[in-house]
Amino acid sequence: MTQQTSAVSESSSNTNVNTAVNTQVNNTNQGSSEVRHNWQADQVKALFDMPFNDLMFKAQVIHRENFNPNEVQVSTLLSIKTGACPEDCKYCSQSARYKTDIDKERLMEVSKVLEAAQAAKDQGSTRFCMGAGWRNPKARDMPSVVEMVKGVKALGLETCMTLGMLSAEQADELQGAGLDYYNHNLDTSPEHYNQIITTRTFQDRLDTLSNVRSSGMKVCSGGIVGLGEESKDRASLLAQLANLSPQPESVPINMLVKIEGTPLSDVADLDHFEFVRCIAVARIMMPKSHVRLSAGRDAMNEQMQALCFLAGANSIFYGCKLLTTGNPEANKDMMLFNRLGINTETIASSAADEAKITTAVVDQKNSDLFYNAVN
Ligand code: SAM
Ligand code: DTB
Ligand code: SF4
């Protein structure tokens with residue numbers, strides 16, 4: 001910290017640098033953490049069009065106003081039902097319509113799910129996210145799924161599920177069982193949506209999110225980039241997410257994992273800096289949400305991931321497997337966190353813990369570094 005503070009005061013002694021920074025701060029309303037739900041396309045485009053360094057600085061300032069910048073939340077994913085999905089999502093290994101190299105599996109037994117949850121907890125994960133290759137859960141699946149939620153909760157983990165579309169009744173039932181978060185992504189912009197999925201509409205997704213929100217569960221919703229969409233689609237996706245009121249508590253930004261056999265297996269790579277920009281713009285537009293550096297980390301080097309954390313990502317999937325594809329090994333992530341001085345978030349399980357977190361953010365805002373950065 002001492003080193004960082006002196007680096008800032010060194011540059012502050014240069015009047016030209018200082019003036020340039022101040023002008024930029026004033027021009028871009030640098031430190032505004034206002035939560036807005038009226039984002040327009042041109043305003044989002046203006047963020048994407050900022051010089052990279054200015055965008056990163058703005059995102060980092062907003063990040064520091066709302067979070068401890070050296071903490072990352074870690075979730076572990078488990079596929080509780082794999083493959084043979086009737087939907088046609090063009091990126092997905094689990095759609096029955098594409099010939100992909102995955103092992104199809106029926107719904108896992110509750111005891112096996114709880115074993116995996118315990119192992120995730122032992123590795124340091126705080127949230128356990130259970131995903132199913134379903135269009136939506138059937139009535140006959142609900143009793144097992146409810147038992148999984150209760151069992152994982154009893155282990156002291158936060159619970160999350162992603163099972164496809166939910167009716168209002170199903171959302172209420174899962175909330176009643178103790179499900180903390182429900183993940184349901186918008187995936188892409190409404191304009192690009194029909195190029196990617198035809199078996200359910202964008203409005204179906206919004207309806208599920210509304211059922212989840214009304215049940216009292218926390219919303220986890222984000223999307224995928226690198227699907228061959230245009231830059232205006234990425235801006236439009238982020239505007240859709242930010243204009244949800246309230247905004248999702250958790251926003252996964254997935255980089256497409258290209259899967260052989262799917263229609264998107266050969267799509268052109270997305271420029272890595274464009275991905276980092278998506279993270280930064282999400283951080284600025286959803287200042288109080290956790291932004292998750294989600295699928296695609298296996299194809300990113302450590303420097304790229306560090307840039308994503310600098311841009312405001314503060315959540316990851318942790319553990320060597322996502323649903324059907326690979327993720328960095330847990331010990332590799334821990335070594336990276338160690339080198340970057342990043343700690344993993346603990347669960348805010350009580351009002352006292354919440355108060356501690358608020359105090360930590362205030363302390364950090366009061367530090368020399370924070371003030372020197374924005375003044
Ligand atoms: N079947 C449920 C559904 O579609 O809502 C839940 C599981 S589904 C795999 C969850 C999300 O994972 C998708 O909405 C998509 O955003 C993401 N996803 C799936 N395959 C992906 C891939 N190949 N690359 C990146 N993200 C992917
Ligand atoms: C999300 O946004 N990403 C996760 C989770 N929610 C369920 C899924 C990523 C899947 C990546 C491809 C796979 O492993 O099949
Ligand atoms: Fe099925 Fe979900 Fe994959 Fe779409 S993303 S094919 S709904 S598992």
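This is a predicted model: local features need pLDDT of at least 70, side-chain atom pairs count only at pLDDT 80 or more; totals for chains, interfaces and linings use all residues.
Local features are given at pLDDT of at least 70 and side-chain atom pairs at pLDDT 80 or more, while totals for chains, interfaces and linings use all residues. Residues are numbered from 1 along each chain as its sequence is written, chains are lettered from A and ligands numbered from 1 in the order in which they are written, and side-chain values use heavy atoms, with hydrogens and water left out.

**View 1**
An oxygen atom of ligand 1 is 2.7 Å from a polar side-chain atom of D187. Nitrogen of ligand 1 is found 3.0 Å from a polar backbone atom of V257, and a nitrogen atom of the ligand lies 3.2 Å from a backbone N or O atom of Y91. Taken alone, ligand 1 exposes 550 Å², and the protein buries 90% of that (Shrake-Rupley method, 1.4 Å probe; for residues, only the protein chains shown count as cover).

**View 2. Surroundings and polar contacts of ligand 2.**
The shell of ligand 2 has 14 residues, and N185, N254, L323, T324 and T325 come nearest. By class, 6 are nonpolar, 8 are polar and none is charged. The side chain of N254 places an N or O atom 2.8 Å from an oxygen atom of ligand 2. From L323, a polar backbone atom is 3.0 Å from an oxygen atom of the ligand, and a polar side-chain atom of N183 is 3.1 Å from a nitrogen atom of ligand 2. Ligand 2 exposes 400 Å² when taken alone; 88% of that is buried by the protein.

**View 3. The shell of ligand 3.**
The residues around ligand 3 are C85, E87, C89, Y91, C92, Q94, S95, G133, W134 and R200. They divide into 5 nonpolar, 3 polar and 2 charged.

**View 4. Cysteines C278 and C308.**
A disulfide is a pair of cysteine sulfur atoms within 2.5 Å, and by this rule the count is 0. The sulfur of C278 has its closest cysteine sulfur in C308, 9.7 Å away, which is too far for a bond. C308 is likewise in no disulfide. C278 counts as buried because its relative accessibility is 2%, where buried means under 20% relative accessible area, exposed over 50% and partly exposed in between (1.4 Å probe, protein chains only). C308 is also buried, at 0% relative accessibility.

How values were computed
A residue is near a molecule or strand if one of its heavy atoms lies within 4 Å of it. A polar contact is a pair of N or O atoms within 3.5 Å; within protein, one must be able to donate a hydrogen and the other to accept it, and residues adjacent in sequence count only if both atoms are side-chain atoms. Ala, Val, Leu, Ile, Met, Phe, Trp, Tyr, Cys and Pro count as nonpolar, Asp, Glu, Lys and Arg as charged, and the others, Gly among them, as polar.
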